[in-house]
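Please find below some comments on the model under review.

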Amino acid sequence: MVNIIPLREEHIDDICEIENESFGDPWKREFFTELLENPLAVSFAAEENGGTVGYLIAYNIIDEMQILNIAVKKTRRGQKIAAKLFAAAFDFAEANKIREFTLEVRVSNTPAAALYKKLGFKTDGIRKNYYKNPKEDAVLMSLII
C-alpha cells in the first residue's frame, strides 16, 4: 500500500533516481536537500515497502501553492500515485487556507495534463520555449479551491 508522508532526507536517493528517469533536464541532488531547509517548500513522498515511488514538491507563497515538480517511478505510473500526492497537497492547502494552485506542464506531456484537468485545473496560457532538453512550450494551469 502506498503511503503519502512529508518528504525527508532518506527519500532523496530514490527521488533522484525517479527525477533522472522522468526528466530530460533533471534537478540536482543539492536542490532537493536545499528544499528540505526552505520554509516555503511543501514536499510529499509516496512510500511503499520502504522505497519511494513518487514525490510532489511545491512552494507555499501566501495563499498560493505553486507545484514545482511531481513525478512517479516509471514502473508505477498509471496507478493513481500522483493523484494521492495531489490529495495530500490539497489537504495541506485546506489546513493552511491556501486558495490557489498553479503549475506548468510540457505541451507533449498529455498524461500529466489529463490528470491535472481531471483534478480540476484549468489552462491559463502557454509559455513559449519554457523547457530545455528538449526545447518545448509549457502549458500554464491553475486551480482555485
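1. His11 has contacts beyond its neighbours within four places in sequence: Ile5, Pro6, Ala45, Glu47 and Thr52. The model is a predicted one, and His11 is placed in the loop between β1 (3–6) and α1 (12–22).

2. The side chains of His11 and Glu47 are joined by a polar contact of 2.8 Å. With a relative accessible area of 1%, His11 falls under the 20% cut-off and is therefore classed as buried.

3. Seven strands form an open sheet with mixed pairing, in the order β1-β2-β3-β4-β5-β7-β6. Because β1 and β6 each have a single partner strand, they are the edges, and one side of each lacks a neighbour in the sheet. From one strand to the next, the twist averages 25°.

4. Two helices pack on this sheet. Helix α3 (residues 81–95) touches β1, β2 (41–48), β3 (51–61), β4 (64–72), β5 (100–106) and β7, and its direction makes about 160° with that of β4. Helix α4 (residues 110–118) touches β4, β5, β6 and β7; the angle between its direction and that of β5 is about 160°.

5. Strands β6 (residues 122–131) and β7 (residues 136–144) run antiparallel and are joined by 6 bridges.

6. The hairpin of β6 and β7 has 4 residues between the strands. Asn133 in this hairpin adopts a positive phi near 50°.

Technical notes
Residues numbered from 1 in each chain as written. Predicted model: local features only at pLDDT ≥ 70, side-chain atom pairs only at ≥ 80, totals over all residues. Heavy atoms only, no water. Pairing = 2+ DSSP bridges. Buried < 20%, exposed > 50% of the residue type's maximum accessible area, 1.4 Å probe, protein only. Polar contact = N/O pair within 3.5 Å; in protein donor to acceptor, adjacent residues only side chain to side chain. Contact = heavy atoms within 4.5 Å. Axes fitted to C-alpha atoms, helices over the stretch in contact; angles between N-to-C directions.
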